[in-house]
Amino acid sequence: MHVAGRIEDYALIGDMQTAALVCRDGTVDWLCLPRFDSPAVFAGLLGTEEHGFWRLGPVNGPGGRPAPADRRRYRGDSLVLESEWDTPRGTVRVIDFMPPRDGAPQLIRIVEGVSGRVPMRSALRMRFSYGWVVPWVHKIDDRTVAVAGPDSVWLDTEAETYGKDLTTYSDFTVSPGERIAFTISWEPSHKQPPAVADPEGSLEATEEFWREWVEHCTYHGPYRDAVVRSLITLKALTYAPTGGIVAAPTTSLPECLGGVRNWDYRFTWLRDAAITLSSLLRTGYREEARAWREWLLRAVAGDPENLQIMYGIAGERELGENELTWLPGYENSRPVRVGNGAAGQLQLDVYGEVTEALHLAHMTGLARNDYASLLQLKLIQWVEKHWDEPDEGIWEVRGPRRHFVHSKVMTWVAVDRTVKLIESGDVDGPLERWKDLRETIHRDVCEKGYDKERNTFTQSYGSQELDASLLLIPQMGFLPPDDKRVIGTIEAIQRELSTEDGFILRYPTSSEGDLGVDGLEGEEGAFLACSFWLADDLAMIGRVEEARTLFEKLLSLRNDLGLLAEEWDPKAQRQVGNFPQAFSHVPLIDTALRLTASGAYGG
């Protein structure tokens with residue numbers, strides 16, 4: 001029985017419309033077709049092999065299963081994965097990739113003999129609707145097709161295949177230089193079959209695509225490898241047809257192993273997408289920035305007063321949350337959720353993040369878009385009326401609404417950037433009135449969100465708790481880095497929200513079975529973005545060596561392929577949360593840029 005690997009055991013491959021996770025033993029345990037947010041065809045990641053998988057590797061492990069690969073890597077700066085096994089009979093390589101789509105989505109796996117003669121096995125178990133539906137599998141000519149409802153998945157290979165135990169197998173042996181390819185393609189079941197793949201041609205085209213894309217990167221500093229891998233990951237999380245960016249390609253990978261903090265991240269959060277846009281702009285990727293701005297304008301359309309904090313990847317608004325009761329969850333972490341109820345929350349900080357992204361696009365010379373400027377003015381008109389209301393905040397708490405300090409700071413950012421837009425002469429607006437609003441919000445935060453006795457800002461008005469999002473105060477320009485209140489807040493967060501190994505928690509969670517501020521039971525890991533924010537702040541206040549040490553410690557948490565999940569579990573010493581996570585890779589890029597600019601790096 002295959003058991004899902006540790007989260008960091010997985011590699012990401014994708015075609016910028018969906019993505020697959022490939023484990024070290026050559027098993028694809030997660031793939032949604034045809035989109036990131038479609039039901040999974042392989043859902044073994046959240047259950048057992050009964051819920052779908054595709055295993056390809058040498059027959060040399062217990063029970064004929066492959067052992068973990070001895071080596072794996074991405075081919076250069078690409079999303080083409082190579083895994084190699086050294087077996088008693090020789091060495092074999094498997095090349096996994098998804099070509100940028102021109103027609104049907106495809107997952108291609110090429111087996112290449114390196115030395116000796118190595119017995120291999122492919123075991124393909126397709127289960128539609130997240131492992132719920134067993135398809136009808138049959139052959140048409142030399143092709144194997146699995147059909148259920150609206151979906152059909154086609155397997156093409158030169159190897160002989162046979163069916164057993166509702167699984168399609170292929171047993172074969174490879175010699176040095178021999179290459180045998182397997183391809184699965186998805187097509188709506190009522191349409192004609194997809195074209196038969198050209199694996200070798202697709203491999204060449206896929207490598208060329210990534211090589212050309214990476215050439216646009218303008219960062220050439222000491223952390224280039226880490227930055228480029230993060231940029232490739234962010235590109236892979238972009239839904240190419242619309243420019244929408246998913247927070248992660250997975251659902252319900254737990255923030256606490258065995259716990260209930262399991263959420264669906266296969267949607268476009270305005271916050272995550274906006275900060276992703278900022279990182280792409282800072283590293284030379286203006287086309288992605290333009291595409292995201294166009295996505296934003298379509299998603300918000302003529303209704304900025306009802307701005308959602310998240311949308312579907314094509315701009316869908318209905319993201320109803322449901323539980324998949326037949327899936328036992330990753331390491332028994334239940335419930336498994338699809339959809340996300342947070343879509344209906346009020347999160348005031350989103351207005352600041354979106355406005356900051358539009359401001360940065362404007363400042364970096366992205367061609368002017370009159371509707372984008374009009375949208376910005378409309379958003380501030382809404383903020384003017386609602387900034388002083390309580391909300392659910394950046395962490396999407398499911399407890400009572402509060403006056404979160406970070407939310408208020410970001411409404412200040414929204415107004416500040418719009419004032420600057422008006423001052424530039426590009427748009428007209430009530431300049432003096434909004435200058436007064438900016439000052440009013442600033443004064444309100446400093447009076448109600450600051451604890452004078454402890455010299456720190458707090459999570460919300462009137463609370464004693466801290467919150468790592470306060471680390472963004474100097475980065476957003478709300479106060480200068482050398483302000484004693486900023487330094488006091490940084491030091492308080494280091495003191496009160498730090499784990500034993502020096503990483504940062506988002507906020508205090510529940511204890512002794514009580515519900516915390518977020519309305520949930522249980523604990524969570526160190527949220528990786530917060531630790532990157534701390535490294536940024538330390539650099540900004542002149543503690544650059546400490547910042548570099550923390551940053552490089554964070555880099556060491558990446559898996560062998562340079563990928564990060566949402567959080568780090570300091571007790572289990574494992575990555576946790578959805579994977580790979582845009583909200584971890586974006587601040588990695590930003591911190592690398594800041595440390596490079598400050599000269600704070602080793603070597």
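Reading a helix pair, a sheet and a loop residue

Mentor: Glu 500 is found in the loop between α11 (484–496) and β25. This is a predicted model, in which local features need pLDDT of at least 70, side-chain atom pairs count only at pLDDT 80 or more, and totals for chains, interfaces and linings use all residues. Residues are numbered from 1 along each chain as its sequence is written, and side-chain values use heavy atoms, with hydrogens and water left out.

Trainee: Why does Glu 500 count as exposed?

Mentor: Its relative accessibility is 88%, and exposed means over 50% relative accessible area, buried under 20% and partly exposed in between (1.4 Å probe, protein chains only), so Glu 500 counts as exposed.

Trainee: What makes β25 an edge strand?

Mentor: In the open sheet, ordered β25-β26-β27 with antiparallel pairing, β25 (526–527) pairs on one side only. Two strands pair if DSSP finds at least two bridges between them, and two bridges join β25 to β26 (residues 567–569); Ala 526 stands opposite Trp 568 in β26.

Trainee: Why is α12 called roughly parallel to α14?

Mentor: The axes of α12 (residues 528–540) and α14 (residues 582–598) come within 8 Å and cross at roughly 15 degrees. Angles under 35 degrees count as roughly parallel, over 145 as roughly antiparallel, 65 to 115 as roughly perpendicular and the rest as oblique, so α12 is roughly parallel to α14.

Trainee: Which residues of α12 and α14 make the contact?

Mentor: With contact meaning heavy atoms within 4.5 Å, they include Phe 532 and Trp 533 of α12 and Phe 583 and Leu 588 of α14.

Notes: Axes are lines fitted to C-alpha atoms, for helices over the stretch in contact, and angles run from 0 to 180 degrees between N-to-C directions. Helices (H or I, at least four residues) and strands (E, at least two) are DSSP runs, numbered from the N terminus.
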